[in-house]
Amino acid sequence: MRVQGDSELTVLVDRLRRDRRRDPYSGRDSYSRTAREVADRCEKLIDVGEASVAVPVLRKAVDRMTSALMYMDSSSGVLGNDLAYLMEVYAQACRAAPPRPAGLAAWLVKLVCDGPAWPDVVLREWAPELGPKGLAEVARLVDERAAAGTEPDDWHRQWAVRYLREQIAEVSGDVDRHVQVLAEHLVSADQYGRIVKVLTRAQRPAEAIDWARRGLAAHPSGHQAVALHDLLVRLLIETGEPEAAVAERRTAFDVQPTIDNFRSLLATVAETDQDAAHTERALTVVRERAAGQAGYLPHLIDVLVLAGWDDEAWHTGLGRWDEVPARQRVELVELRRRTHPAEVREPYRALIDAQLLDSYDKRRYDKAITLLSRLREAYAATGESTRFEAYLETLRAEHRRRPTFLAKLDDARFQSGR
C-alpha cells in the first residue's frame, strides 16, 4: 500500500511542473485540484503515522508550485491559497517527522531570499520544527547574506534580509532586541505601529505611547498614520487618560476637519463620556473651514448629518447647491424628503434633468427613474399625486426623442391606472 501511495504521489507532484511557454490562463482549475489532492493525501499520511513519507513530497510540491506561479495567472487568489495550504500541511508533517534543522533552515531562508516572494514564511510558525539549532542556523545564514551585501536596486533581497532579521528578533522573545531591529527601518507609520504593538503586548504602555507619538510626528498623514493614531488613542483610554485620548482626536480633526476624523472624535467622546462641548467645537471648526474653502463643504454637510443637524445640513447645501457634489445632492434631497416633502420637488426635478443630460453616465436613465420614484413619493406625501402625473407628461414631451428613456419610463409604470 505504501509503495503504491508513494507512486501515486510522485505522479501527482510531477503534474505540478509548469512549462513557462504555456498560456498563463490555461489549466488553472486542474492545477489547483492537483495541488489540493497532494495536500489532502499527505494529510492522510500524517494521520496514519507516515509523516516521514509526506515531508520530502510536500517540500518538492511547494518548490514546484512556487516556480510554476511565476508563469501562471493567479490573480483570483485560488492558487495562492493552494500554495499556503501545501505549506501548512508541510509544517504539520515536519512537526510529526522533524527533518534536519539545518536543512529546513537553509530551505526557508532560500525560499524567502531567492524566491519570488511567495509563499509567505512566518518564522514563529516554524519555530517548533526548527528548534534552537534551526533558529540559530537561520540567524547565521541571514547574517551571512547581510554581510555579503546587495545591489542598491535589489529591493527584494534587501527586504528579505530585513524581513527575516525582524522575525528572528521576534521569536527570540527579547522585546528590546525586537524593538531595536524594527527601529532600523523607520520609513513608514506602519513600522512605528509594529513597535507599538510589540511594546503593548509586552505590557509596556508608556513606551508604546511614546513610539506612537514619535511615529505620528514623523508620518502625520496617510492611512497608516490613521491606524497608528487609533492605536495611540486606544492606549490612552486603556491607561486611564480619556482626556488625552479626546485631545488627540480633537487635534487630528483641527488639522483635517473631515468626516472620518469627526466620526472618530464622536466615537471617542462617547466611549470616554467626555463633555459634548468637544463636538460643538469641532462643528465650529469645520463651519469656519468650509466658509473659506469649497473643498470642505462636503465634509461640513456630512458632519452636520452625522451630528444630527439635518436642518442645517439641508440649508447649508441648498445655499451653495452648485458646489455640492452630485452624490451628496441626492443624499440631501432624500433625507429632506422624509420630513419636508413639499420642499424637495424642485430640487428633485433639477436632479432628474441633470441626470438625463449626463451623456457620460451609461446608467443615467436608470438613475433618473429612481429619482422619479422618490419624487412621486414626495408628491403623494403632500396629497398632490395628480401634479406629479402632469409633470411626468411634460417630461415625456421634453424627451420624446429619447426612446430608451421612454421605454424605461413605461416599464416603471408610474402613471395611475397602469
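In this predicted model, the largest nonpolar core comprises 54 residues, and V38, L86 and W126 are those with the most contacts inside it. The elements that contribute two or more residues to this core are helix 1 (2-14), helix 2 (28-47), helix 3 (51-68), helix 4 (78-96), helix 5, helix 6 and helix 7. In soluble globular proteins, nonpolar side chains tend to be buried together.

Helix 7, which spans residues 155-172, has 18 residues, and the distance from its first C-alpha to its last is 26 Å, close to the 26 Å expected at 1.5 Å a residue. Its buried residues are H156, A160, V161, L164, E166, Q167, I168 and A169, and these pack against helix 5 (101-114), helix 6 (123-148), helix 8 (175-182) and helix 9 (189-201). An α-helix has 3.6 residues a turn, so residues three or four places apart point the same way. Just after helix 7, G173 adopts a positive phi of about 80°.

Aromatic side chains were examined next. The structure holds nine aromatic pairs, one of which is formed by F253 and F262, a tilted pair with 5.7 Å from centre to centre and 55° between the planes. F253 is buried, with a relative accessible area of 0%, and F262 is likewise buried, with a relative accessible area of 0%. Y379 and F388 also form a tilted pair, because their ring centres are 5.9 Å apart and their planes lie at 50°; both Y379 and F388 are buried.

The charged end of R214 sits over the ring of W211, at 3.7 Å from the ring centre, while the charged end of R364 sits over the ring of Y365, at 4.8 Å from the ring centre. R364 is also among the residues touched by Q355, whose contacts, not counting residues up to four places away in sequence, are D361, R364, K367, A368 and L371. Q355 itself lies in helix 18 (residues 345-356) and counts as buried, at 15% relative accessibility.

With a disulfide taken as a pair of cysteine sulfur atoms within 2.5 Å, the count comes to zero. The sulfur of C94 is too far for a bond, because the closest cysteine sulfur, in C42, is 11 Å away; C94 counts as buried, at 0% relative accessibility. C113 is in no disulfide either, the nearest cysteine sulfur, that of C94, being 19 Å away, and C113 also counts as buried, at 1% relative accessibility.

Several loop residues show backbone geometry of note. Most residues other than glycine have a negative phi, and most peptide bonds are trans. In the loop between helix 5 and helix 6, which holds A117 and P119, phi of A117 is near 90°, a positive value in a residue other than glycine, and the peptide bond from W118 to P119 is cis, with omega near -5°. A117 is partly exposed, with a relative accessible area of 40%. Q203, placed in the loop between helix 9 and helix 10 (205-218), has a positive phi of about 60° although it is not a glycine; Q203 is exposed, with a relative accessible area of 69%.

The loop between helix 3 and helix 4 holds Y71, which is partly exposed, with a relative accessible area of 26%. With neighbours within four places in sequence left aside, Y71 is in contact with R20 and P24. Y71 and R177 are 106 residues apart in sequence, and their C-alpha atoms are 40 Å apart in space.

Technical notes:
Residues numbered from 1 in each chain as written. Predicted model: local features only at pLDDT ≥ 70, side-chain atom pairs only at ≥ 80, totals over all residues. Heavy atoms only, no water. Phe/Tyr/Trp six-rings, centres within 6.5 Å; stacked < 30°, edge-to-face > 60°. Buried < 20%, exposed > 50% of the residue type's maximum accessible area, 1.4 Å probe, protein only. Lys NZ or Arg CZ within 6 Å of the ring centre and 35° of its normal. Helix = DSSP H or I, 4+ residues; strand = E, 2+ residues; numbered from the N terminus. Expected span 1.5 Å × (residues − 1). Contact = heavy atoms within 4.5 Å. Core = buried A, V, L, I, M, F, W, Y, C linked by side-chain atoms within 4.5 Å.
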